[in-house]
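Please work through the exercises below with the sequence and the 3D structure at hand. Each task is followed by a solution in steps.

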Amino acid sequence: MECQQMTWRSLVIVFLHSCPHILHMSCFQSQVIALDVTLPVKQAFHILYEQGIPVAPLWDFCKGQFVGVLTASDFILILRELGTRGSNLTEEELETHTISAWKEGKAHLSRQIDDSGRAYSKRLIHAGPYDSLKDVASNILQNSISTVPILHSSAQDGSFPQLLHLASLSGILKCICRYFRHSAGSLPILQQPICSIPLGTWVPKIGEPNRQPFATLKPNASLGAALSLLVQANVSSIPIVNDNDSLLDVYSRSDITALAKDKAYAQIHLDEISIHQALQLGQDANSSYGFFNGQRCQMCLQTDSLHKVMERLANPGVRRIFIVEAGSKRVEGVISLSDVFKFLLGVA
């Protein structure tokens, strides 16, 4: 098994190193939207919701460069700040509060202060059109981010760059699956069941004290509890289960942008609205739980092959797959895109 893993990893790494031209193929997000830092944050998140995207690069016209990204995590932090007593940001101010002002405030909250006491933002993680896919994937993993803007400037000083793509792990995995599609049968590791591979996070069992806790919530838990868990556990989603631990739905960081619809964020209290009610804000009134709602809940069995899981994770919009028990759909674990790439690249 270990020899098979080394051979497979070597093939993947060689492929990722040798195919920089793949950036120009259809493995990256085709819809690319940049936001000006002078936009009000409320308007920015309305745009994210309307366009169905969880992240957008930020453009500073005065500096003539991209200075960061706006993500669903920013909206989560804003809503938690609004719900904090003594907050300096009110719902009314959110209408005019700019992205740049929020980023500066966020830097203060994160204690990103220089020697003179001024807030500074973290540098933008980006890549060029000829960087290797391995470097792009490694950047995403090392910085715990979801996407990397691909920028190119014809000027020697790098000013006024063009935004070419938004690279993501799912796009890179799509390239890998496409490349190995016809040779999957000759690579035994791809046919191995996921339960036999050190991959993903699994629900702890009796006698396994070293397994990390697996976070789940009931549908009647508050939205505030869900947001706190997303931030504190540093996870991108939380499975919503019934009393038998059977999967009903999932609450993801990106779901928070639904609260931008009709200014719902100004009409709710995080601790008074349930997760189920919050999810319904972004769905049709008659829609049911995630099993019947497109790609919200992607599931697999522990006997499914690594190849099958990889193919499913390569689909647009899918960032994790929940491992469930056959029949009962009891949650047994989760495999994310990051888990797959850490395994493929041999990252601990």
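**Exercise 1.** Determine how α11 and α12 are oriented to each other in this predicted model, and which residues bring them together.

*Solution.* Step 1: the axes of α11 and α12 come within 11 Å and cross at roughly 130°. Axes here are lines fitted to C-alpha atoms, for helices over the stretch in contact, and angles run from 0 to 180 degrees between N-to-C directions. Step 2: α11 and α12 are therefore oblique to each other, given that angles under 35 degrees count as roughly parallel, over 145 as roughly antiparallel, 65 to 115 as roughly perpendicular and the rest as oblique. Step 3: their crossing is left-handed (the near helix is turned anticlockwise from the far one by less than a right angle; clockwise would be right-handed). Step 4: on the α11 side L306, M310 and L313 meet L337, V340, F343 and L344 of α12, contact meaning heavy atoms within 4.5 Å. Step 5: the residues of this contact comprise seven nonpolar, no polar and no charged. Ala, Val, Leu, Ile, Met, Phe, Trp, Tyr, Cys and Pro count as nonpolar, Asp, Glu, Lys and Arg as charged, and the others, Gly among them, as polar.

Residues are numbered from 1 along each chain as its sequence is written. In this predicted model local features need pLDDT of at least 70, side-chain atom pairs count only at pLDDT 80 or more, and totals for chains, interfaces and linings use all residues, while side-chain values use heavy atoms, with hydrogens and water left out.

**Exercise 2.** Describe the packing of α7 against α12.

*Solution.* Step 1: helix α7 (residues 169-180) packs on helix α12 (residues 337-344) at an angle of about 50°, and their axes are 10 Å apart. Step 2: α7 and α12 are therefore oblique to each other, and α7 passes α12 in a left-handed crossing. Step 3: α7 contributes L169, S170, I172, L173 and I176 to the contact, and α12 contributes L337, S338, V340, F341 and L344. Step 4: these residues divide into eight nonpolar, two polar and no charged.

**Exercise 3.** Give the strand order of the four-stranded sheet and state which helices pack on that sheet.

*Solution.* Step 1: the order in this open sheet is β6-β11-β10-β9, with mixed pairing; helices (H or I, at least four residues) and strands (E, at least two) are DSSP runs, numbered from the N terminus. Step 2: β6 (201-202) and β9 (299-300) each have a single partner strand, so one side of each is left without a neighbour in the sheet. Step 3: β9 pairs with β10 (residues 320-324) in the parallel sense over two bridges, where two strands pair if DSSP finds at least two bridges between them. M299 has F322 of β10 as its bridge partner. Step 4: helix α11 (residues 306-313) touches β9, β10 and β11 (331-336), its direction making about 140° with that of β10. Helix α12 touches β6 and β11, and its direction makes about 65° with that of β11.

**Exercise 4.** Describe the pairing in the sheet of three strands.

*Solution.* Step 1: this open, mixed sheet has the order β1-β2-β3. Step 2: β1 and β2 (residues 55-60) run parallel, joined by two bridges, and D36 has W59 in β2 as its bridge partner. Step 3: β2 and β3 are antiparallel over six bridges, with P57 opposite V69 in β3. Step 4: β2 and β3 form a hairpin with four residues between them, and G64 in the turn has a positive phi of about 65°. Step 5: helix α2 (residues 41-51) lies across β1, β2 and β3, at about 70° to β3.
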